[in-house]
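Here is a friendly walk through one structure, meant to be read with the sequence and the 3D view open side by side.

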Amino acid sequence: MKIAILSRNPSLYSTSRLKEAGEKRGHEVHVIDTLRCYMNMATHKPTIHYQGQVLEGFDAIIPRIGASITFYGTAVLRQFEMMGVFPLNESVAISRARDKLRSLQLLSRKGVGMPVTGFAHSPDDIRDLISMVGGAPLVIKLLEGTQGIGVVLAETRKAAESVIEAFMGLKANILVQEFIKEAGGADIRCFVVGDKVVAAMKRQAQPGEFRSNLHRGGQASVIKITPEERSTAVRAARVMGLNVAGVDLLRSNHGPLVMEVNSSPGLEGIETATGKDIAGLIYSFIEKKSQEKKPSTRTKGQG
Ligand SMILES: Nc1ncnc2c1ncn2[C@@H]1O[C@H](COP(=O)(O)OP(=O)(O)OP(=O)(O)O)[C@@H](O)[C@H]1O
Ligand SMILES: [Mg+2]
Ligand SMILES: [Mg+2]
């Protein structure tokens, strides 16, 4: 197959692993810089141009779109979908997953377990918002945060009020969430491909820290997950419409709670922790899908 990886940087671990794994399986794999694609949508025949050439003949596309370029990246992907190319994850699903509020609303609508979460706009509603999620301690998150930056644990109501006030004063969008203390500073990353969790790892925060992000010094290890955790992760990915997803769970006293669903989960941490060939499993999925005589995408760029 002729496959494109949409990625800004060919030397990133995930990108280079996907290129190498695809070529090993006999595919022609091109890494294409998302921001260097330009598009013609003024005619009936949508095209994508790259370094003076028209991109043609691709069977599948693997989007690796960073959070900072979601808007342009999903537009490029949508253009490929309009051309009938099979996307590993669809542009609509990626847009959904990038919006934390929209994701949590979708998951709640489908009855997927999550921490009690609230959001509000006006500083006048802070007190009631805090009560609504069960009072302190609670977690306050910047909607645009990544890698644990902008995630704050407020131990007391007073602390919560001042942090929320400060964020609102800066016009930052935030959500407020029940603190799952019993998770013990750990979360579980479930790597979903198709309708299976193909690998899972536990990330444990450093002592004295509640954020388990590897960028914040968290330690990854292999973990055996329960059938309930497995089915929760698969359901969360399906609700978001993602074929490949990194679903992050917290272990609570009342079962697994979904914290977030990532549409471009990294391969390095999970392959290193579990020793599994995740890139290979992604290609098995693409190869299987391409055998099916279904439309290449559900929305064909209509989303
Ligand atoms: N409600 C919560 N209860 C307990 N711990 C939490 C809660 N929310 C977040 N955490 C901890 O904080 C870490 C960071 O939170 P989260 O994943 O929501 O933000 P982020 O990692 O910055 O966002 P992103 O993963 O999109 O970059 C989590 O991995 C988890 O360990
Ligand atoms: Mg996270
Ligand atoms: Mg994330």
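## A glycine in a loop

Let's start with Gly185, which sits in the loop between β11 and β12 (186–193); strands here are DSSP runs of E with at least two residues, helices are runs of H or I with at least four, and both are numbered from the N terminus. Gly185 is partly exposed because 16 other C-beta atoms lie within 10 Å. On this scale 20 or more such atoms within 10 Å make a residue buried, 12 or fewer make it exposed, and anything in between is partly exposed, with C-beta atoms placed from the backbone. The C-alpha atom of Gly185 is separated by 4.3 Å from that of Phe210, although the two are 25 residues apart along the chain.

## About the model

This is a predicted model, in which local features need pLDDT of at least 70 and side-chain atom pairs count only at pLDDT 80 or more, while totals for chains, interfaces and linings use all residues. Residues are numbered from 1 along each chain as its sequence is written, and chains are lettered from A and ligands numbered from 1 in the order in which they are written.

## Around ligand 1

Which residues come nearest to ligand 1? They are Thr146, Gln177, Ile180, Arg211 and Ser212, out of 23 residues around the ligand; a residue counts as near if its C-beta atom, placed from the backbone, lies within 6 Å. By class, this shell holds ten nonpolar, seven polar and six charged residues. Here Ala, Val, Leu, Ile, Met, Phe, Trp, Tyr, Cys and Pro are nonpolar, Asp, Glu, Lys and Arg are charged, and the others, Gly among them, are polar.

At least two shell residues come from each of β9 (138–142), β11 (174–178), β15 (244–252) and β16 (255–262). Ligand 1 lies between domain 2 (117–179) and domain 3 (182–285), because both give residues to its shell; the domain bounds come from an automatic or database assignment.

Strands β1 (residues 2–6) and β2 (residues 28–32) run parallel and are joined by five bridges; two strands pair if DSSP finds at least two bridges between them. Lys2 has Glu28 in β2 as its bridge partner. From β1 the chain crosses through helix α1 (residues 13–24) to β2, in a right-handed β-α-β crossover: with the strands pointing away from the viewer, the path from the first strand over the helix to the second runs clockwise.

An open, antiparallel sheet has three strands in the order β3-β4-β5. Its edge strands, β3 (37–40) and β5 (53–54), each pair on one side only.
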